[in-house]
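Let us walk through a protein and the molecule it holds.

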Amino acid sequence: MAKKNKKEITLDLSSDWGLAPAPESTSHIKLKKKYDLFIGGKFVKPKSGKYFDTINPATEEVLAQIAEADDKDVDLAVKSARKAYDNVWSKLSGKERGKYIYRIARLIQERAREFSVIESLDGGKTIRESRDIDIPLAAAHFFYHAGWADKLEYAFPNRKPEALGVVGQITPWNFPMLMIAWKIAPALATGNTVVLKPAETTSLTALKLAELFQDAGLPDGVVNIVTGHGTTGSHIVNHPDVNKVAFTGSTGVGKIIMKAIAGTNKKSTMELGGKAANIIMEDAPLDQAVEGVINGIFFNQGHVCCAGSRLYIQESVYPIVMRKLKDRMQALVVGDPMDKNTDIGAINSKKQLDTIKNYIKLGKAEGAEMYQPKCNLPKKGYWVPPTLFTNVAQSSTIAKEEIFGPVLAIQTFRTIDEVINKANNTPYGLSAGVWSDKGSKVFNLTSQMKAGVVWANTYNKFDPTSPFGGYKESGHGREGGMQGLEAYLKFD
Ligand code: NAP
Ligand code: MG
């Protein structure tokens with residue numbers, strides 16, 4: 001390893017480096033004070049009469065109150081989905097279903113600005129991400145699946161594809177609208193009806209989407225949205241008239257759901273946690289690789305299931321990669337998610353903030369060395385500066401467990417065999433990244449990585465045509481592409 005420079009040169013480009021504020025306007029947004037459940041095409045009050053607050057994690061201000069669905073509300077939603085399936089949706093041709101899905105896609109595009117702003121207000125993610133990634137990709141998923149609705153016989157020739165019936169869907173808070181699109185679009189295209197529960201801290205875009213379904217004239221009951229906590233989700237999972245459970249969330253809750261549906265006829269897809277390895281070989285284009293690492297772990301505050309949270313750097317380029325990485329981190333702007341210059345927004349909730357802080361404390365206690373750039377964090381709200389750890393052991397907790405925050409654990413390696421062993425030595429298998437100039441090295445590494453998605457010389461790229469999903473404890477089943485359609489169908 002190169003001798004440490006006596007005086008390390010770092011750029012001081014912290015958030016007060018002089019960019020003029022560029023706030024996105026919120027004046028065009030209309031939020032109700034209280035949101036009811038969306039059942040049978042209408043907003044209805046929860047049977048319990050209970051509501052909970054949804055807050056803006058960047059300011060801790062209450063944005064609205066959200067209804068809490070209990071077992072009776074969930075039962076009503078499943079009945080309404082079944083009625084819509086039997087009487088309307090299963091009777092429509094694929095071409096007719098496709099028309100509705102196209103209409104939904106176009107309406108999302110038309111209202112993209114409104115959806116992006118609400119997503120950032122409710123979840124804390126930067127407006128740049130919700131505007132450039134989440135909402136356009138959500139629309140793209142509806143467009144893509146609209147195209148499949150009348151072509152299922154061609155996608156699965158001689159297999160007589162049929163809808164499953166009523167599907168229960170449960171989504172997390174890190175990509176609220178996008179995860180909903182990943183679930184609802186293929187379900188509708190394949191002829192199923194839906195009962196969806198969004199994450200409790202980020203229900204607003206789901207409820208806005210319910211308003212959009214009304215505007216699109218989607219037949220009543222085809223999609224029902226029941227908001228609430230984990231128990232609301234478990235009522236969906238345990239309802240006897242649900243034919244499939246599609247879940248995205250933590251491995252812990254995934255295991256609870258799999259136990260609950262064991263022995264029933266319910267199908268399932270599980271998109272669970274991850275601990276992705278991002279590998280920089282010595283011949284990699286280093287600036288591009290560093291940018292990819294930054295994008296891989298600090299993008300969306302590290303609230304990404306496929307975040308490149310473990311970085312493996314080949315020993316010969318370790319000093320130069322570390323210098324570039326620290327310089328780049330120093331230039332990241334942390335703060336107001338509504339400012340278009342912000343790179344890292346607010347942590348989604350107080351609970352998640354505490355979890356991340358605990359892992360940082362644990363990293364230090366276990367002997368790893370921490371680096372955080374200088375940055376001025378806002379006084380209110382939930383914030384964590386971009387953080388990296390060196391001197392990390394393969395057995396360190398921060399290298400093993402999913403942190404779901406902007407925290408990077410760095411290790412070095414000498415040979416390809418060593419890094420493959422280290423990268424695959426995890427119970428997860430959702431994604432991975434490889435950086436190298438040599439095609440043969442890339443193919444060697446990507447074919448040996450036990451991960452559902454492996455990016456080469458890029459990171460965190462998504463497309464509706466490409467199936468996404470994990471190995472091992474990262475879950476089973478795929479979303480996107482033809483594999484994603486198949487998960488919503490049964491065959492002769
Ligand atoms: P989570 O705690 O597992 O919650 C996910 C969803 O399940 C939420 O809507 C949650 O409701 C609900 N839920 C909680 N307990 C439940 C139960 N017993 N039965 C049924 N539903 C229940 O996960 P999260 O913290 O929201 O999201 C972060 C996790 O999602 C991370 O592990 C991440 O890796 C994973 N993720 C995976 C993918 C992927 O594609 N593989 C994509 C995104 C995120 P509440 O919100 O009310 O708790
Ligand atoms: Mg919120």
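Domain bounds here come from an automatic or database domain assignment. Domain 1 (34–271 + 471–491) and domain 2 (277–456) both give residues to the shell around ligand 1, so the ligand lies between them. This is a predicted model, in which local features need pLDDT of at least 70, side-chain atom pairs count only at pLDDT 80 or more, and totals for chains, interfaces and linings use all residues. Residues are numbered from 1 along each chain as its sequence is written, chains are lettered from A and ligands numbered from 1 in the order in which they are written, and side-chain values use heavy atoms, with hydrogens and water left out.

Now look at the shell. A residue is near a molecule if one of its heavy atoms lies within 4 Å of it. There are 29 residues around ligand 1, and Thr171, Glu200, Ser250, Leu272 and Glu402 come nearest. By class, 14 are nonpolar, 11 polar and four charged. Ala, Val, Leu, Ile, Met, Phe, Trp, Tyr, Cys and Pro count as nonpolar; Asp, Glu, Lys and Arg are charged; the others, Gly among them, are polar.

Next come the polar contacts, pairs of N or O atoms within 3.5 Å. Each of these involves an oxygen atom of ligand 1. A side-chain N or O atom of Glu402 is 2.5 Å away from one. For a polar side-chain atom of Lys197 the distance is 3.1 Å. For a polar backbone atom of Gly230 it is 3.2 Å.

Methods. Polar contact = N/O pair within 3.5 Å; in protein donor to acceptor, adjacent residues only side chain to side chain.
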